[in-house]
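This report goes through one protein model, from confidence to core to charged pairs. The sequence and structure come first.

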Amino acid sequence: SGGGGKAAIPPADLVEACRMRSERSRDVRFLLPVVNGFSKDEIIERLPQLVGMPLEFGGFAAVASLLYALRTPIVPASELLVEIHKIVPASKRAVAAAAAAAAAASASA
């Protein structure tokens, strides 16, 4: 409300706490609230995890929405799509859904 749709980048200590919790628990859901605070390199490094975001938490569409709706994209949509296609997929369906979500998110940004 009133912020032009842009949200503040999360504080570094919150990003680190969520990152550590996710690594300890191996649960990608802890990354969702702070994905907007990741560097480009970390986004690309964690992409296989982020693509696997559980559907009950919005799936990869939630991740893409955060990456493209909350700030100037740190990873251009075209580069993100290339990186998604480099992932060895558990299923081609998961990659197709992720690519569609990223394309939709970048189109709305």
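The sections below cover confidence, the nonpolar core, the salt bridges and one backbone angle.

## Model confidence

The model is predicted. Its mean pLDDT over the chain is 80, and 72% of the residues reach at least 70. Among the elements of the chain, α1 has the highest mean pLDDT, at 94, while helix α6 (residues 92-108) has the lowest, at 66.

Over residues 1-5 the pLDDT stays under 50, and the model has 2 contacts beyond four places in sequence for this segment. Where pLDDT is low, predicted coordinates should not be read in detail.

## Nonpolar core

The largest nonpolar core comprises 24 residues. Phe38, Leu47, Leu50, Phe60, Val63 and Leu80 have the most contacts inside this core. At least two core residues come from each of α1, α3 (47-51), α4 (59-69) and α5 (77-86). The most is given by α4, with 6 residues. In soluble globular proteins, nonpolar side chains tend to be buried together.

## Salt bridges

The whole structure holds 7 salt bridges. Side chains of opposite charge can pair when their charged atoms come close. One network of salt bridges links Glu16, Arg19, Glu23, Glu42 and Arg46. Within it, the side chains of Glu42 and Arg46 meet at 2.7 Å, N to O. Glu42 is buried, at 12% relative accessibility, and Arg46 is also buried, with a relative accessible area of 5%.

Asp27 and Arg29 form a salt bridge through their side chains, with an N to O distance of 2.4 Å. Asp27 counts as buried because its relative accessibility is 16%, below the 20% limit; Arg29, at 36%, counts as partly exposed. In the bridge between Lys86 and Glu83, the closest N and O atoms are 3.3 Å apart. These two residues are 3 residues apart in helix α5, so about one helical turn separates Lys86 from Glu83. Lys86 is exposed at 56% relative accessibility, whereas Glu83 is buried at 18%.

## A positive phi at Arg26

Which residue other than glycine has a positive phi, near 60°? The residue is Arg26. Most residues other than glycine have a negative phi. Arg26 lies in the loop between α1 (12-25) and α2 (40-45). With a relative accessible area of 75%, Arg26 is exposed.

Technical notes:
Residues are numbered from 1 along each chain as its sequence is written. Side-chain values use heavy atoms; hydrogens and water are left out. Helices (H or I, at least four residues) and strands (E, at least two) are DSSP runs, numbered from the N terminus. Buried means under 20% relative accessible area, exposed over 50%, partly exposed in between (1.4 Å probe, protein chains only). A nonpolar core is a set of buried Ala, Val, Leu, Ile, Met, Phe, Trp, Tyr and Cys residues joined through side-chain atoms within 4.5 Å. pLDDT is the predictor's confidence in each residue, from 0 to 100. Contact means heavy atoms within 4.5 Å. A salt bridge is a side-chain nitrogen of Lys or Arg within 4 Å of a carboxyl oxygen of Asp or Glu.
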